[in-house]
Amino acid sequence: MTELAAVKAALKSQAVETPSWAYGNSGTRFKVFAQQGVPRSPQEKLDDAAKVHEFTGVAPTVALHIPWDRVDDYAALARHAEERGLRLGAINSNTFQDDAYRLGSVCHPDAGVRRKAVGHLLDCVDIMDATGSRDLKLWFADGTNYPGQDDIRARQDRLAEALAEVYGRLGEGRRMLLEYKLFEPAFYTTDVPDWGTAYAHCLKLGPKARVVVDTGHHAPGTNIEFIVATLLREGRLGAFDFNSRFYADDDLMVGAADPFQLFRIMYEVVRGDGLGSDAAFMLDQCHNIEAKIPAIIRSVMNVQEATAKALLVDRSALAGAQAAGDVLGANAVLMDAYNTDVRPLLREVREEMGLDPDPMGAYARSGWAEKIVAERVGGEQAGWGA
């Protein structure tokens, strides 16, 4: 296989998971902005996700969020997805929108609240079994706002106990993905604030536990690609939550704030054989002022473009420059790949896949946007309140 053919094959086999919540209404902490044609049910979210996959060819799975995507029959929901050429992806838990969790969930000082939270996580494992989903994704808003509010070490003990119980419930071929976040909503201590804390818990739990890297969950200046390289090296990179941020966790479109960072991350993925690993490449975004389906299509394309550039890095030339201590030469190899216009290559790849070379234009011409505005009248639109 020629080098170009290998690049094309990698791009054709790439898969980007889209999040169900990105298709619903969202907004800032001050206001949720409703849009016409927004899904009113998990099934309609899947209908929209099918359009993203139809026009990109690389978005075959959809992550669910419980209880936002709660239904009576999860096996039927999985069939609904399959009928549209999709599969259900990660099951995301929610232990942050109940009044009981004001002081935390699995780390709460009250055993009854902890039991409630763990019960929800076990329910999510049951949903995994019903849908055939591989991954349980955990993010905890747990933490404290004031010094002395709670015992920092005791909270880690409670977290470990809860994770161990849920881990023990995972079936064969299932995984637990533990996400971390620097801060928010807790402002003094966060119980899973960084990749080291998540990694330590995953190591103790066992091989089914992996770390999630959300690209918006770091302090300014954090070298995220170093974290990615380390977790890949240790076999503990479970998934990405791709998005962009300018200040804190904005959940803006991936590649919007710093496309060069996305390229650097994807180079480490390529360098560490991450494209062929079981790491999941997921979007975690909210589209507040832009049209939702086109924004998700554009986000998938941004990941594709960063991946294509990463695949075009001349790794032999880079290794030679590095071995020779040629600082500027090594940097130039990376910059040459980053500055390559890969859009013609991706248009060619799409045509070879039987797709329209212009996904955005194809969606605009499809009439789907007009169809859902006309048909999705009445009912309660999906979204979260603020």
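**Figure 1. Salt bridge between Glu352 and Lys8 in the predicted model.** In this predicted model, the side chains of Glu352 and Lys8 meet in a salt bridge, with an N to O distance of 2.7 Å. Glu352 belongs to helix H12 (residues 343-352) and Lys8 to helix H1, so the pair ties together parts that are 344 residues apart in sequence. Glu352 is partly exposed, its relative accessible area being 42%. Lys8, by contrast, has a relative accessibility of 10% and therefore counts as buried, the cut-off being under 20%. Side chains of opposite charge can pair when their charged atoms come close. Across the model, the count of salt bridges comes to 32.

Figure 2. The closest N and O atoms of Asp278 and Arg210 are 3.1 Å apart, and the two residues form a salt bridge. Asp278 is located in the loop between helix H8 (259-271) and S12, whereas Arg210 is located in strand S10 (residues 209-214), so this pair ties together parts that are 68 residues apart in sequence. With a relative accessibility of 32%, Asp278 counts as partly exposed. Arg210 is buried, at a relative accessible area of 14%. Both residues take part in a network of salt bridges that links Arg134, Asp135, Arg175, Arg210 and Asp278.

Figure 3. Glu375 and Lys371 form a salt bridge in which the closest N and O atoms are 2.8 Å apart. Both residues lie in helix H14 (residues 368-375), and their spacing of four residues is about one turn of the helix. Lys371 has a relative accessible area of 36% and is partly exposed.

**Figure 4. The largest pocket and its lining.** The largest pocket holds about 1300 Å³ of space. Its lining consists of 47 residues, of which Arg29, Phe96, Trp139, Lys181 and Glu184 are the closest to the centre of the pocket. Strand S6 (135-138) and strand S7 (143-144) are the elements that give two or more residues to this lining. Divided by class, the lining of the largest pocket has 17 nonpolar, 15 polar and 15 charged residues.

**Figure 5. The second largest pocket and its lining.** About 510 Å³ of space lies in the second largest pocket. This pocket is lined by 26 residues, and the closest to its centre are Ala15, Glu17, Thr61, Arg87 and Arg134. The elements that give two or more residues to the lining are helix H1 (3-13), helix H3 (74-83), strand S5 (87-92) and strand S12 (280-283). The most is given by S5, with four residues. By class, the lining of the second largest pocket comprises 11 nonpolar, nine polar and six charged residues.

**Figure 6. Nonpolar surface patch formed by Leu182, Phe183 and Phe187.** These three residues form a nonpolar patch on the surface, and together they have about 290 Å² of accessible area. Leu182 is placed in the loop between strand S8 (175-179) and strand S9 (189-190). The relative accessibility of Leu182 is 38%, and this residue therefore counts as partly exposed.

Figure 7. Asn145 is found in the loop between S7 and helix H5 (152-169). Asn145 is partly exposed, with 36% relative accessible area. Although Asn145 and Thr190 are 45 residues apart along the chain, their C-alpha atoms are separated by 8.8 Å.

**Figure 8. Two buried residues, Ala337 and Gly24.** Ala337 lies in helix H11 (residues 327-338). Its relative accessibility is 3%, so Ala337 counts as buried. The C-alpha atoms of Ala337 and Ala310 are separated by 6.9 Å, and the two residues are 27 residues apart along the chain. Gly24 lies in the loop between strand S1 (18-19) and strand S2 (26-27). Gly24 also counts as buried, at 1% relative accessibility. A separation of 31 Å is found between the C-alpha atoms of Gly24 and Ile227, which are 203 residues apart along the chain.

Technical notes. Residues are numbered from 1 along each chain as its sequence is written. This is a predicted model: local features need pLDDT of at least 70, side-chain atom pairs count only at pLDDT 80 or more; totals for chains, interfaces and linings use all residues. Side-chain values use heavy atoms; hydrogens and water are left out. Patches are made of residues with over 30% relative accessible area and no salt bridge: like charges are joined within 9 Å, nonpolar side chains (Val, Leu, Ile, Met, Phe, Trp, Tyr) within 5 Å. Accessible areas come from the Shrake-Rupley method with a 1.4 Å probe; for residues, only the protein chains shown count as cover. A salt bridge is a side-chain nitrogen of Lys or Arg within 4 Å of a carboxyl oxygen of Asp or Glu. Buried means under 20% relative accessible area, exposed over 50%, partly exposed in between (1.4 Å probe, protein chains only). On a 1 Å grid over the protein atoms alone, a cavity is a set of points where a 1.4 Å probe fits but cannot get out, and a pocket is an open set with protein on both sides within 12 Å along at least five of seven lines; lining residues have an atom within 4 Å of a point. Grid points are joined across faces, edges and corners, and a volume is the space filled by probe spheres set on the points. Ala, Val, Leu, Ile, Met, Phe, Trp, Tyr, Cys and Pro count as nonpolar, Asp, Glu, Lys and Arg as charged, and the others, Gly among them, as polar.
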